[in-house]
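Please look through the sequence and the model shown here.

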Amino acid sequence: MATTPDLVQLLAMLLTLANAKKTIEIGVFTVYSLLLTALSIPDDGKVGRITAIDIDQHTHEMGLPVIEKAGVEHKINFIESKALPVLDKLLEDPENEGCFDFAYVNSKNYHERLMKLVKIDGVVVYDNVLRRGFVAMPEELVSGEEWKQERQWVIELTSSSNRPQIL
Ligand SMILES: C[S@@+](CC[C@H](N)C(=O)[O-])C[C@H]1O[C@@H](n2cnc3c(N)ncnc32)[C@H](O)[C@@H]1O
């Protein structure tokens, strides 16, 4: 259930292409992707440039020694919470609209809010891990109506001309 090594390479490339300085990540777990993000964004001297949210503090604690060893802990603002209330809180301040360059998340439930929080030429990456890779599967191999609907949602979203760029 961690981000895969090949996806991490893709994320590194996208973070660089997006020139990402301020990012948001929902679902920290092993901190694999969080560490990658912290290593990829420039150190501009500001603290907490990465907003990292997870309902489980222990996952963050487990990975913290690795983050500290890499010397990037100051870049991370970890928030232990369900994601939606945090996104709503951020949106209470109009200054936060379009404030993120990059978002890495694993549920379409955050989509509406992220469209307001990520800047117009930013990048939003949806992790496919929890969906067992169904987006890339032929439709007949995807079992269950819910998965089929989500697959269709992703296909329509990524083929539309919406901005920020959805990957
Ligand atoms: C697939 S894992 C994330 C993998 C991570 N990106 C990595 O590279 O290891 C999903 C994470 O989402 C968290 N999570 C689940 N529901 C959540 C919610 N409503 N709000 C915030 N985090 C949530 C879980 O605790 C879990 O750590």
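## Lys119 and its salt bridge

Lys119 is partly exposed, with a relative accessible area of 27%. In this report, buried means under 20% relative accessible area, exposed means over 50%, and partly exposed lies in between, computed with a 1.4 Å probe on protein chains only. The side chain of Lys119 meets that of Asp101 in a salt bridge, 2.9 Å from N to O. Asp101 lies in strand E4 and Lys119 in strand E5, so the pair ties together parts that are 18 residues apart in sequence. At 8% relative accessibility, Asp101 counts as buried. A salt bridge here is a side-chain nitrogen of Lys or Arg within 4 Å of a carboxyl oxygen of Asp or Glu. Helices (H or I, at least four residues) and strands (E, at least two) are DSSP runs, numbered from the N terminus.

The model is predicted: local features need pLDDT of at least 70, side-chain atom pairs count only at pLDDT 80 or more, and totals for chains, interfaces and linings use all residues. Residues are numbered from 1 along each chain as its sequence is written, and side-chain values use heavy atoms, with hydrogens and water left out.

## Other salt bridges

A search of the whole structure finds four salt bridges. One of them joins Arg113 and Asp88, with the closest N and O atoms 2.7 Å apart. This pair links distant parts of the chain, since Arg113 is in helix H5 and Asp88 is in helix H4 (residues 83–92), 25 residues apart. Asp88 counts as partly exposed, at 33% relative accessibility.

Another salt bridge is formed by the side chains of Glu92 and Lys89, at 3.5 Å from N to O. Both residues lie in helix H4, three residues apart, about one turn of the helix. An α-helix has 3.6 residues a turn, so residues three or four places apart point the same way. Glu92 and Lys89 are both exposed.

## Strands E4 and E5

E4 and E5 pair in the parallel sense over five bridges; two strands pair if DSSP finds at least two bridges between them. The bridge partner of Phe102 in E5 is Val123. From E4 the chain crosses through helix H5 (residues 111–117) to E5, and this β-α-β crossover is right-handed. Right-handed means that, with the strands pointing away from the viewer, the path from the first strand over the helix to the second runs clockwise.

## The nonpolar cores

Which residues have the most contacts inside the largest nonpolar core? They are Leu11, Leu34, Ile67, Ile76, Phe102 and Val125, in a core of 24 residues. The elements that give two or more residues to this core are helices H1 (5–17) and H2 (32–40) and strands E2 (50–54), E3 (76–80), E4 (100–105) and E5 (118–126). H1 gives the largest share, five residues. Apart from this core lies another, of 19 residues, among them Leu87, Val105, Leu114 and Leu157. A nonpolar core is a set of buried Ala, Val, Leu, Ile, Met, Phe, Trp, Tyr and Cys residues joined through side-chain atoms within 4.5 Å.

Contact means heavy atoms within 4.5 Å. In H2, the buried residues are Ser33, Leu34, Leu35, Leu36, Thr37 and Ala38. These buried residues pack against H1, strand E1 (23–26), E2, helix H3 (57–69), E3 and E4.

## Loop residues with positive phi

Asn19 is not a glycine, yet has a positive phi of about 55°. Asn19 lies in the loop between H1 and E1 and counts as partly exposed, at 47% relative accessibility.

Phe29 is not a glycine either and has a positive phi of about 45°. The place of Phe29 is in the loop between E1 and H2, and Phe29 is partly exposed, with a relative accessible area of 39%.

A polar atom of the Thr59 side chain lies 2.8 Å from the backbone oxygen of Asp56. Not counting residues up to four places away in sequence, Thr59 touches Val28, Phe29, Val31 and Asp54.

Gln152 lies in helix H6 (residues 145–159) and is partly exposed, with a relative accessible area of 32%. Gln152 and Glu139 are 13 residues apart in sequence and 9.1 Å apart in space, C-alpha to C-alpha.

Terms used:
A polar contact is a pair of N or O atoms within 3.5 Å; within protein, one must be able to donate a hydrogen and the other to accept it, and residues adjacent in sequence count only if both atoms are side-chain atoms.
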